[in-house]
Amino acid sequence: MTGLIEPRQIAQEARVVWLEDIGRLDYVRQSLERLPNRQGRPPYHRDGRMVGYAVLGPGARASRASGTFLRRVFWLLPHDRDQQPEGSYAFSSPSEAVDPRTLRPRDPGRRTQRSAGPPSAVMRELGILLPER
């Protein structure tokens, strides 16, 4: 489940666990996953790698329908900017990307200039033509 994450969906988070140094990452992708437990490292079944995950507090309740818990997982794909700085996300980022420095428990995080990509002036300086508005 990707897209915009609302604070009510993550209200039971107790902490965020990082598996990598986020200081070197411009962005991470985030998604809500249905998982069988409140804590512990979740399984990861995508290309790329998981870079972090949320742990829920003891009061978090499982879904009545599925018996699962909604937890955030933070991840990157092989073609993301950290692995391919000149690749498809050199001057942009995926829609589910946020700056990892803005992520806290119960806070969905934000896109920043760093996560979105270099400003237009930098792109012009590098000789990359931008479409006229």
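**View 1. Salt bridge between Glu6 and Arg8.** In this predicted model, Glu6 and Arg8 form a salt bridge whose closest N and O atoms are 3.0 Å apart. A salt bridge here is a side-chain nitrogen of Lys or Arg within 4 Å of a carboxyl oxygen of Asp or Glu. By this rule the count comes to 12 salt bridges. Glu6 is partly exposed because its relative accessibility is 39%, and Arg8 is exposed because its value is 62%. Relative accessible area under 20% is called buried and over 50% exposed, with partly exposed in between (1.4 Å probe, protein chains only).

**View 2. Salt bridge between Glu96 and Arg29.** The side chains of Glu96 and Arg29 meet with an N to O distance of 2.6 Å. Glu96 lies in the loop between β4 (69–76) and β5 (97–98) and Arg29 lies in strand β2 (residues 28–35), so the pair ties together parts that are 67 residues apart in sequence. Strands (E, at least two residues) and helices (H or I, at least four residues) are DSSP runs, numbered from the N terminus. Glu96 counts as buried because its relative accessibility is 11%. Arg29 also counts as buried, at 5%.

View 3. Glu33 is in strand β2 and Arg46 in the loop between β2 and β3 (49–56), so that the pair links distant parts of the chain, 13 residues apart. Arg46 is partly exposed, with a relative accessibility of 29%.

**View 4. The open sheet of 5 strands.** The strand order is β1-β3-β4-β2-β5, and the pairing is antiparallel. Two strands pair if DSSP finds at least two bridges between them. β1 (13–18) and β5 stand at the edges with a single partner strand each, so one side of each has no neighbour in the sheet.

**View 5. Strands β3 and β4.** These two strands run antiparallel and are joined by 4 bridges. Tyr53 stands opposite Val73, which is in β4.

**Notes.** Residues are numbered from 1 along each chain as its sequence is written, and side-chain values use heavy atoms, with hydrogens and water left out. Local features need pLDDT of at least 70 and side-chain atom pairs count only at pLDDT 80 or more, while totals for chains, interfaces and linings use all residues.
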